[in-house]
Amino acid sequence: MSVLDTIKEIVVEELAVDPDEVTDDASFIDDLGADSLDIVELVMAFEEEFDLEIPDEDAESIATVNDAVEYINENA
Amino acid sequence: MLKTELCTSLGIEYPILQGGMAWIATGELAAAVSNAGGLGIIGAGNAPAEVVRAEIEKTKELTDQPYGVNVMLLSPHVDQVMEVVYEEKVPVITTGAGNPGKYIEKLKEVGTKVIPVVASVALAKRMARMEVEALIAEGTEAGGHIGELTTMALVPQIVDAVDVPVIAAGGIGDGRGFAAALTLGAQGIQVGTRFVCAEECTVHPNYKQAIIKARDRDAVVTARSTGHPVRNLKNRLTRKLSKLENSQEVDKERLEELCVGSLRKAAREGDVKEGSVMAGQVAGMVEREETAAEIIDSLLAEANEILKEKAKLL
């Protein structure tokens with residue numbers, strides 16, 4: 001499965017949203033209704049799935065599905 | 001007497017922390033709690049750095065015991081407040097509204113112990129990865145800005161998830177709550193609302209009276225729609241807020257307008273009708289003004305008694 005598909009799957013699971021809503025440029029907070037604690041859970045799930053540690057400074061810059069894909073591609 | 005490892009690591013007599021409530025917890029209250037064997041904590045809130053420094057200096061004049069500062073990470077002055085913390089070598093800080101990660105290294109250098117407040121397991125795990133001294137697991141029963149889970153459900157889940165000591169907060173107003181927190185796996189408690197009514201607390205007398213008069217259902221949650229829910233005592237302000245929130249189109253600007261400065265209005269000016277009287281669900285249990293030492297003594301005596309008594313059930 002591609003990084004994009006894996007990330008979308010995690011987002012659907014963690015935020016309990018419909019797969020159709022999770023577009024490439026969907027913002028976790030503005031479009032998918034996440035709050036700050038949801039974001040922490042999402043970041044922890046990315047860490048687990050891709051076996052890396054995402055520092056807080058970086059976590060703050062991950063706002064959309066695309067951001068996450070880009071970050072994983074560069075760092076995992 | 002009731003002791004846990006937390007007492008040793010923080011250099012305090014009893015595992016009781018006083019919540020660092022913005023606009024309420026000044027140097028007088030913090031020093032009184034520390035002198036009584038607990039950990040008194042100054043609430044920095046949104047205050048400028050020099051105001052925080054003055055409170056720290058006042059505390060140091062009034063006590064030789066360890067004390068703390070609660071640093072609100074969303075404060076516009078947070079960087080300068082941290083500078084003051086480094087310079088004054090504050091023994092302990094508790095942090096709320098964010099992640100203290102970028103300050104941890106410097107804090108360690110000056111010997112300040114860090115205790116973040118958390119309201120979820122994921123955040124607790126993330127914080128525990130850094131070198132924090134302990135975590136405060138705060139349930140939704142607490143006053144002020146709150147999370148979703150109750151203390152009863154949150155504390156054991158966090159205790160299971162991390163290796164650092166956990167301090168329970170939210171809904172603890174007497175020795176029964178203290179004993180319950182220890183049973184849930186916490187090594188200590190943080191008490192806010194009851195300490196607001198300490199004699200040494202410099203909050204406006206109207207604020208204390210509002211808590212003393214409050215009944216069980218009076219501490220209501222407002223501003224849920226903003227994503228930053230707040231627990232405060234029912235009054236003209238909370239009614240206005242819930243009316244706004246229940247309307248079809250929430251006027252966020254008006255909501256914000258009503259909330260800005262509302263805690264200061266209640267805590268310092270004594271306007272407990274239009275101001276925000278932040279308090280936890282235990283407000284209904286607080287019946288009178290007492291000294292900080294009396295509060296700590298009764299928390300300890302009751303918890304001791306209960307734990308002894310319950311052991312007989314075995």
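At what angle do the axes of helix H3 (residues 49-62) of chain B and helix H4 (residues 78-88) of chain B cross? In this predicted model, local features require pLDDT of at least 70 and side-chain atom pairs count only at pLDDT 80 or more, whereas totals for chains, interfaces and linings use all residues. Residues are numbered from 1 along each chain as its sequence is written, chains are lettered from A and ligands numbered from 1 in the order in which they are written, and side-chain values use heavy atoms, with hydrogens and water left out.

The axes of H3(B) and H4(B) cross at roughly 30 degrees and come within 8 Å. Axes are lines fitted to C-alpha atoms, for helices over the stretch in contact, with angles running from 0 to 180 degrees between N-to-C directions; helices (H or I, at least four residues) and strands (E, at least two) are DSSP runs numbered from the N terminus. H3(B) and H4(B) are therefore roughly parallel to each other, where angles under 35 degrees count as roughly parallel, over 145 as roughly antiparallel, 65 to 115 as roughly perpendicular and the rest as oblique. The crossing is right-handed, a term applied if the near helix is turned clockwise from the far one by less than a right angle, and left-handed if anticlockwise. On H3(B), the residues in contact (heavy atoms within 4.5 Å) are Ala49(B), Val52(B), Arg53(B), Ile56(B), Glu57(B) and Lys60(B), which meet Gln80(B), Val81(B), Val84(B), Glu87(B) and Glu88(B) of H4(B). This contact comprises five nonpolar, one polar and five charged residues, with Ala, Val, Leu, Ile, Met, Phe, Trp, Tyr, Cys and Pro counted as nonpolar, Asp, Glu, Lys and Arg as charged, and the others, Gly among them, as polar.

Also in chain B, the axes of helix H11 (residues 236-246) and helix H12 (residues 252-259) come within 10 Å and cross at roughly 165 degrees. That angle makes H11(B) roughly antiparallel to H12(B), and their crossing is left-handed. Leu237(B), Lys240(B), Leu241(B), Leu244(B) and Glu245(B) of H11(B) make the contact with Arg254(B), Leu255(B), Leu258(B) and Cys259(B) of H12(B). Six of the contact residues are nonpolar, none is polar and three are charged.

In chain A, the axes of H1(A) and H2(A) cross at roughly 140 degrees and come within 10 Å, which makes H1(A) oblique to H2(A). The crossing of H1(A) and H2(A) is right-handed. Residues of this contact include Ile7(A) and Ile10(A) of H1(A) and Leu42(A) and Phe46(A) of H2(A); by class, the contact has nine nonpolar, one polar and four charged residues.

Over all chains, 22 salt bridges are found, each defined as a side-chain nitrogen of Lys or Arg within 4 Å of a carboxyl oxygen of Asp or Glu. Lys8(A) pairs in this way with Asp24(A), with the closest N and O atoms 2.9 Å apart. Lys8(A) lies in helix H1 (residues 3-15) of chain A and Asp24(A) in the loop between H1 and helix H2 (36-50) of chain A, so the pair ties together parts that are 16 residues apart in sequence.

Between the chains, ten residues of chain B are in contact with eleven residues of chain A. The buried area is about 820 Å², of which carbon and sulfur atoms give 58%; buried area is the accessible area (1.4 Å probe) that two parts lose on being put together, summed over both. Ala122(B), Arg126(B) and Arg129(B) supply 60% of the area that chain B buries against chain A, more than any other three residues. Four salt bridges are found across this interface. Arg126(B) forms a salt bridge with Glu47(A), the closest N and O atoms being 3.2 Å apart.
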